[in-house]
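Here are my notes after a look through this one. Have the viewer open as you read.

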Amino acid sequence: MSAQSLHKGQPIIERKIRYDATVAYHDCTLLKMELPKIVLLHQVDKPFTMPAGASELTIPEGTYTFAYYWIDRPYNLYFWRDRQGNYLGSYFNLVRNTTVTDEAVSFEDLIIDLLVLPNGEHFVLDENELPEPLHQFENGFVHEALHALIGQKDAILEDAKKETERLGGEMDG
């Protein structure tokens with residue numbers, strides 16, 4: 001099926017295919033689709049914490065995840081806002097093979113992630129989980145994609161900040 005009949009507010013599933021071939025599913029709501037980009041919304045039901053250098057970032061229950069997917073880019077983005085609309089941080093997954101159908105957004109996770117704090121500080125996560133050094137992993141694809149992303153992250157996040165303010169306002173109104 002194609003994504004031709006998708007409409008705002010429709011339930012849709014995020015299907016994440018992990019590198020070990022296990023699959024995780026999240027129930028989401030479609031906020032916006034303008035291919036090659038699609039934006040979904042998911043509300044965090046259990047708090048979680050991630051390392052951020054010498055510190056950590058906790059995403060509380062009830063946080064809104066604005067999930068951005070591009071079918072033509074090697075990453076996706078989770079942009080977090082609390083219930084009051086405050087920006088909490090962002091998380092990029094390095095991915096491949098992002099697809100959109102009427103039922104789901106699906107992607108293959110490539111282990112490496114980039115966590116960005118509200119002050120702009122960023123951290124590469126999960127390098128210790130790679131089966132080989134980053135520069136060799138997936139024939140260097142992930143290493144190259146990560147460095148390109150780091151160079152573009154500020155512009156991507158500025159666009160997401162503006163868009164999530166609008167989309168969040170539309171949810172309230």
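1. First, the ground rules. This is a predicted model, in which local features need pLDDT of at least 70 and side-chain atom pairs count only at pLDDT 80 or more, while totals for chains, interfaces and linings use all residues. Residues are numbered from 1 along each chain as its sequence is written, and side-chain values use heavy atoms, with hydrogens and water left out.

2. Start with the largest nonpolar core, which has 27 residues. By nonpolar core I mean a set of buried Ala, Val, Leu, Ile, Met, Phe, Trp, Tyr and Cys residues joined through side-chain atoms within 4.5 Å; buried is under 20% relative accessible area, exposed is over 50%, and partly exposed is in between (1.4 Å probe, protein chains only). L77, F92 and L94 touch the most other members. At least two residues each come from β3 (37-43), β6 (64-70), β7, β8, β9 (104-116) and α1 (141-172), and α1 gives the most, eight residues. Helices (H or I, at least four residues) and strands (E, at least two) are DSSP runs, numbered from the N terminus.

3. How many aromatic pairs does a search of the whole structure find? It finds nine. Rings of Phe, Tyr and Trp (its six-membered ring) pair if their centres lie within 6.5 Å; planes under 30 degrees apart count as stacked, over 60 as edge-to-face and the rest as tilted. F48 and W80 are edge-to-face, because their planes sit at 65 degrees, with centres 5.7 Å apart. With F48 in strand β4 (residues 48-52) and W80 in strand β7, the pair ties together parts 32 residues apart in sequence. F48 is partly exposed at 29%, whereas W80 is buried at 3%.

4. Y75 and F92 are another edge-to-face pair, 5.8 Å centre to centre and 85 degrees between planes. Y75 is in strand β7 and F92 in strand β8, 17 residues apart, and both are buried. Separately, F48, Y78, W80 and Y91 form one aromatic cluster.

5. Last, R83, in the loop between β7 (75-81) and β8 (87-100). Is R83 buried or exposed? R83 is exposed, because its relative accessible area is 54%. Not counting residues up to four places away in sequence, R83 touches Q43, E61, G62 and Y64.

Methods. Contact means heavy atoms within 4.5 Å.
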